[in-house]
Amino acid sequence: MIKKTASILILLGLFQCKNPSYFPEQEYTQNLLTLLSRSNRVKYSGTAVKGIVRNAMVKAHSLKSDGSCDTSMTLNESFTDENGNYSLTFNRPGNAVCVLVSPGPRGNSTIYEEKLGRDVELPFNSSFKLQSIIPESRLAIASSNATTSPFSGMIQRRLQFLIKETGSSANVSNLHTRASKEMVIRFGLARGFAGRSISNESYPEIDDIPIDWKNPKDPLTQNFISVLVGFSHLANKYKKGPTVSPEDLDSVVQAFSEDFADGKFDGKNESGNSITIGLGTNTIILPSNPLSDLLLPAINDYVREGGKFNVGSARGPDSIPEISVAELAQFQFIDNAEITTTGTIPGGGTNPGDGTTPGGGTNPGDGTTPGGGTNPLPASSITITAPGAGHYSTPQFITISTATVGATIHYTLDGTDPTTSSPIYTHPIGIWSLLGQTKTIKAIEAQSGIASSAVLTQTVGVYSMPPLKTGQTTSQATGDDGTNQTGLTRGYTGPTAHSVYPSDRTTRDTSTGLVWKTCQEGKSGPTCGSNAGTSRTWDTATSDCEALNELNSGNGYAGIKTWRLANLEELATLRDYGVGTAPFINATAFPATVAYLFWSSNTFVPSTANAFYFNYGTGAAVRSTLDKTSTNGNARCVSGPAKEYSNNFTDNGDETVTDNATGLIWHKCIMGRSGTDCSGGTTTGYTWADAITQCNAFTLGGKTWRLPNINELETLINPNATTNLYISSVFITPSVAAFWSSTTLISDTSMAISAYKTNGGSSANSKTGSYGVRCVSGP
């Protein structure tokens with residue numbers, strides 16, 4: 001720019017020297033200023049859409065140093081036309097530019113509301129707005145194809161956070177690039193990008209993705225519209241008045257923008273506070289995975305109800321085709337899992353930004369195209385995104401996605417190469433199933449008529465996470481389960497009816513990532529009220545769950561083909577110790593559950609004729625074993641990687657043991673014993689009240705100790721043990737049959753739950769009984 005200006009000045013000076021009488025002094029000055037102004041002019045075009053925004057005011061402002069719009073100075077203004085398009089010409093301000101779209105003063109501004117299928121009025125005093133940032137690097141002489149949308153607003157909100165985080169050294173253009181790519185990754189907006197030209201050699205920014213609003217069947221356009229119609233569905237569902245308004249749409253968009261400020265979607269703002277949509281009784285608090293657990297179901301509901309994938313740019317029924325379920329199944333959201341990278345995207349100042357492109361050594365959209373005939377698909381179309389190894393206090397998930405439209409992902413977790421017979425990836429994998437273990441994830445993608453892709457491999461380190469909360473919130477004694485309420489917060493979404501097979505209903509555990517068949521086997525209907533739960537032997541329970549994979553002409557129950565009988569640890573996650581009457585389980589997530597025993601997939605190894613069960617109907621014998629053939633029980637089926645007992649303990653050499661799967665620190669010895677080999681003292685039994693008192697007063701290593709709740713205590717019990725000692729050998733276990741937990745049986749508060757080291761079971765016992773005590777601390 002400096003060189004160009006200097007050249008103009010030199011040429012004009014030479015021309016004036018050669019022709020001193022050609023220009024009068026004033027005319028010379030005016031022409032000089034005109035040429036300088038023209039050299040600094042920028043013409044910028046774009047489209048305003050959240051639903052096409054028509055006849056709205058568009059203003060260009062300079063960007064403040066904190067990333068907000070400087071509305072005190074308008075560079076130029078214009079209006080959107082009937083297609084939402086706008087064009088702005090203005091002088092370069094010397095920094096990034098903010099484009100703000102808002103209702104115009106003429107009173108004829110409208111926005112297309114996808115749910116209603118028509119334009120709605122945008123009153124001139126409406127708070128609705130759309131905004132986007134144009135970095136200096138994109139201020140080309142004739143820039144176009146820009147979109148001012150909810151996405152661009154979220155990117156600006158993220159940019160403001162990054163600027164605040166980086167400080168005075170912030171490079172706005174680089175930070176905007178980072179925020180834009182993070183947005184594309186989180187929403188999976190580059191699906192179908194493989195084989196297309198992009199302006200950035202790595203992962204595309206949002207303005208690198210060409211959108212044809214008049215062609216909703218284009219996979220890239222589908223990506224954008226899917227999110228926009230999801231926002232529309234949520235605005236209608238959680239509207240603040242009798243009819244949906246632009247403010248309702250704005251409220252939804254602002255909620256997700258606020259959530260994205262820190263670069264992830266976890267239902268919290270940057271201060272860690274929950275985010276709410278709606279007003280009064282018609283409200284919802286964003287879940288911990290709002291994209292996967294709130295927005296995606298909203299898109300499914302929109303499609304199931306016959307909604308059209310259109311933002312109002314195309315008119316007439318022939319131009320707004322519905323999206324197919326197969327296409328909808330391709331959407332992959334990455335809510336809050338850590339995004340690792342093998343390369344870097346520039347960050348602020350001189351520091352490269354990390355955590356902004358999917359890991360696994362590949363970047364989708366690298367110009368590769370699916371082969372034809374027997375040519376394999378490239379592995380580079382697949383992305384495995386996994387959180388880094390370490391301890392987490394909130395749910396975390398591993399996602400696998402592909403940029404290839406119509407491809408099916410198969411994966412393994414045991415290090416073997418996947419084939420088309422391996423499990424199909426259908427939903428994020430909770431790290432809860434992998435705790436305490438190093439896992440090698442391998443994935444391929446396959447399409448009909450095309451050979452499978454090369455294998456993509458990624459190894460993840462050891463994760464740890466506390467056990468789930470028991471659900472008990474009422475305290476019976478200071479220091480008990482109801483007082484402490486330690487652990488991972490529980491959460492469910494559903495029951496959810498499948499969009500293609502509406503009679504198939506599933507419930508997703510948002511803490512573990514497991515997907516459950518809502519009704520136990522033998523029951524059906526929206527509230528599982530149809531038919532009676534059928535008792536069956538263990539073999540029949542196992543085969544009935546596996547048979548779900550062949551339903552719906554081989555597509556599987558609810559489109560899932562990885563159903564199996566739940567194991568003991570998985571069944572235990574559903575027991576709710578805060579429920580006072582049987583069945584002791586969340587009745588909303590799992591309606592009409594029979595108050596009786598449910599078979600687990602765990603065989604009792606010392607006597608293989610028996611298997612473990614879990615009982616939701618009684619406090620006595622919460623879990624134990626029974627003969628597989630002579631006993632009838634119930635079956636509950638689950639999908640997802642099977643939870644494995646890790647048995648990953650570290651003896652710290654100071655009378656403490658760390659569980660590397662949970663992060664909990666245990667007293668190595670039973671209460672009454674001491675020493676690194678627990679040889680000091682004597683074995684002592686305690687009543688429940690004394691057990692709590694002993695742990696509360698325990699002072700070993702300067703840690704804060706407590707009596708463990710039942711979920712914590714059961715993490716020491718190995719259901720796959722080959723002997724009758726169901727606890728790791730790292731613990732010294734003298735002759736005591738069972739250990740107290742701090743969890744009361746709410747249906748009879750004179751009893752508390754105990755876990756047995758000699759048979760791996762648990763049951764309720766009188767609090768006046770005498771049992772062993774093992775204290776816990778942390779994590």
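The structure, a predicted model, holds 18 aromatic pairs. One of them joins Phe187 and Phe265 in an edge-to-face arrangement, with 5.3 Å from centre to centre and 75 degrees between the planes. This pair links distant parts of the chain, since Phe187 belongs to helix α4 (residues 172–187) while Phe265 sits in the loop between α6 (246–260) and β11 (276–279), 78 residues apart. Phe187 has 2% relative accessibility and therefore counts as buried; Phe265, at 0%, is buried as well.

Phe187 also forms an edge-to-face pair with Phe333, at 5.9 Å between the centres and 80 degrees between the planes. Because Phe333 lies in the loop between α8 (325–328) and β13 (345–346) and Phe187 in helix α4, the pair ties together parts that are 146 residues apart in sequence. With a relative accessibility of 5%, Phe333 falls under the 20% cut-off and so counts as buried.

The charged end of Lys517 is placed over the ring of Tyr557, 5.2 Å from its centre, and Lys643 lies over the face of Trp432, at 5.2 Å from the ring centre.

Turning to the strands, β9 (residues 130–134) has 5 of its 5 residues buried, so the rest of the structure largely encloses this strand. Leu130, Ser132 and Ile134 point one way from β9, and Gln131 and Ile133 point the other way. Strand β6 (residues 97–102) runs antiparallel to β9 and is joined to it by 5 bridges; Val99 has Ser132 of β9 as its bridge partner.

Elsewhere, 4 strands make up an open sheet with antiparallel pairing, in the order β31-β32-β33-β39. The edges are taken by β31 (649–651) and β39 (776–777), each with a single partner strand, so one side of each has no neighbour in the sheet. Between β31 and β32 (residues 656–659) there are 3 bridges in the antiparallel sense, and Thr650 stands opposite Thr658 in β32.

In general, an α-helix has 3.6 residues a turn, so residues three or four places apart point the same way.

Note on methods:
Residues numbered from 1 in each chain as written. Predicted model: local features only at pLDDT ≥ 70, side-chain atom pairs only at ≥ 80, totals over all residues. Heavy atoms only, no water. Pairing = 2+ DSSP bridges. Helix = DSSP H or I, 4+ residues; strand = E, 2+ residues; numbered from the N terminus. Buried < 20%, exposed > 50% of the residue type's maximum accessible area, 1.4 Å probe, protein only. Phe/Tyr/Trp six-rings, centres within 6.5 Å; stacked < 30°, edge-to-face > 60°. Lys NZ or Arg CZ within 6 Å of the ring centre and 35° of its normal.
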